[in-house]
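The sequence and the structure come first.

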Amino acid sequence: MASDQKMSVLLASNRGPVSFRYDDTGALHCVGGAGGLSSALAAIPRQENALWVAAALSDADRLAARSTPDGRLDAGGFDTGTIPVRLLDIEPLTFARAYNGIANSTLWFLHHLLFDTANTPIFDARFRHEWESYVEYNLAFAEALAHSADPGARVMIQDYHLSLAPRLLRERRPDLAISHFSHTPWAPADYFRLLPDDVAVDLLEGLLAANNTGFLAPRWAQAFLTCCEGILGAVVDRDRGTVDYAGHRTFVGVHPLGIDADNLRARADQPDVWARMAGLRDLVGDRRLLVRVDRAELSKNIVRGLIAYRELLRHRPQWRGRVVHVALAYPSRHDIPEYREYAAAVQRVAEEIVEEFGSPDWDPLVLAVDDDYARSLAAYRMADVAIVNPVRDGMNLVAKEIPVLSDDGCAVVLSREAGAAVELGDAALLVNPFDIEATADAMHTALTMDDDERRTRSARLAATASACPPKRWLTDQLDALAAAARA
Ligand code: F6P
C-alpha cells in the first residue's frame, strides 16, 4: 500500500488492534491487542481501503511505527492479521499527560462518577498542562485521519480519549462523514458541570461536530442530550435523537455491543483452556465455583464485591467449605496512583478473607492478578455463579461472555448500573452495586438456584448477549453514518 493511498473507511482509537514487543534477540514482534474495543473492531473484514489509526503505546510501538512508511504497519513487513494499522508516534510526555492525566484520571472518573469530591478533582495549572496535551493528542489523530481519508470517507472515532477529534477533523475535512462512539457511560449533567466551563463546552462541541454520536445504552445517550441542552443551549429532539447546534445536526444513537458467540466458543475450546479447566477442577473439587473477571480498576467495584463475599461467609455459614471464589483481577493503568492503590486494596481485602476463613482443606478465595486469557475462559466455562458488580459501566462484556461460554449454566449477579443490565434484565440477578448486603443475598440466591432455573436463565442471557455481534454492531453504525451524512 502506498503511503499516500486514501481510505474510504477509517477507524480511530487510542489502543489499536496490535502492539509490539521486543524478543530476546531485540527483534520486534507484532502481537494482538487487548481490550473490549480492540476485539470488537477486529471484526471488521480485511479490506483494501480501510485503515485503523491508533496511538503507539510503548517504545516498541513507536519504533515499529517509525520503521514503516508513513507508520502504516501492513506496508512495512509486519503482518497485523487485521486491517492495515497506522500507529501514531506521539511524543511520550504528551501521550502520558493525555492518556493518564485527562483520559483516565479525569474523564474516566467523570463518566463513572468516581470523584471523591472532598479531594478530587482539582483543576489547577497541572490540569491545564494535561489538557493542552489532550488537545495536542487529539490533533495528531485529526491530522492523520484528514491526511489519509478519501473525499467523503467514513471515519469512526472511538471513546473518551478522542472527544475533541471529531471537531478538529471536521475543521480540516468538512467533506467527511464522521462518527464518534462512547464505550463508557456518560455523566449526568450536574456531575459533568464539575469540569471547568471551557473544558465542558469543548468536550460537547467536540462530539457534536460528528454526524453521528453513539452510546451503548439509552441512559448514556439521554445524559449526553441533557448536557447538550443544559450546558450548550443546543436544540434537542429526543424522539428523533438529534441535536442542532451551531448550524450543524448530530444524530445520537444507541448501539449495544454483543458477543461473537461462535468465535468465542471456538477460542474457549483450545488446549490451553482445557488445561486451565483441569487445574480449576483440582482446586474447586465438588464445591460451587463463584467467578469474577475484571481489569483491576475502580469502576469495577472489586473491593465491594469481595466484602459482599465475606458477608456471605460470615452470615451464611452453610457456605463455608462449600464454595470457592476465583477472582481474576488483571492489572490496568498502573502508571496512575489511584489505580495502583485500588489494586493494592483488592489484594488486602482478599488476604483478610483468606486469613479469616481459610483452612488446610479449603481455599475460600483465590485472587490472581497475572494476565491469562485462557484461564479467564476456563473460569467462564466452569462458573456456577458470576459476580459482575461495577459501580457504573458502559456495557460490561464479561456479563455477556460468561453465559455464552457456560458449560452447565451460570447464574449472573449483575450491577443494575452496567449498560448490560438494560438488555440482560431479569435473566440476571440485578443488584445495587453499593449495597453489600443485597449483593451477598444475591450471591446466596444464585448459589442456591436449582439446576433447571440456572440453565434456563443462562440460556436466556446467552441468547441476548449474542443478539448483536461486533460485526453487525460495526455495519449498523457504518450504515447509520452513511445515512446521517446524506440527511
Ligand atoms: O470501556 C472503555 C474502554 O476504552 C474499552 O473500550 C476498553 O476495553 C478499555 O476502556 C481500555 O482501557 P485501556 O486501553 O486504558 O486499558
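## The sheet

Nine strands make up an open sheet of mixed pairing, ordered E5-E4-E1-E6-E7-E8-E11-E10-E9. Strands (E, at least two residues) and helices (H or I, at least four) are DSSP runs numbered from the N terminus, and two strands pair if DSSP finds at least two bridges between them. From one strand to the next the twist averages 20 degrees.

This is a predicted model, in which local features need pLDDT of at least 70 and side-chain atom pairs pLDDT 80 or more, while totals for chains, interfaces and linings use all residues. Residues are numbered from 1 along each chain as its sequence is written.

## Strand and helix detail

Strand E8 (residues 212-215) and strand E11 (residues 248-254) run parallel and are joined by four bridges. Gly 214 stands opposite Gly 253 in E11.

Helix H4 (residues 125-148) lies across strand E1 (7-13), strand E4 (50-55), E5 and strand E6 (149-158), and runs at about 165 degrees to E1. Axes are lines fitted to C-alpha atoms, for helices over the stretch in contact, and angles run from 0 to 180 degrees between N-to-C directions.

## Domains and their contact

The chain is divided into domain 1 (7-257 + 472-486) and domain 2 (261-465), with bounds from an automatic or database domain assignment. Their centres, taken over C-alpha atoms, are 30 Å apart. The contact (C-beta atoms, placed from the backbone, within 7 Å) takes 17 residues from domain 1 and 14 residues from domain 2.

On the side of domain 1 that touches domain 2, helix H3 (92-111) and helix H8 (218-232) each supply at least two residues. The largest share of that side, three residues, comes from H3.

Terms used:
Two residues are in contact if their C-beta atoms, placed from the backbone, lie within 7 Å.
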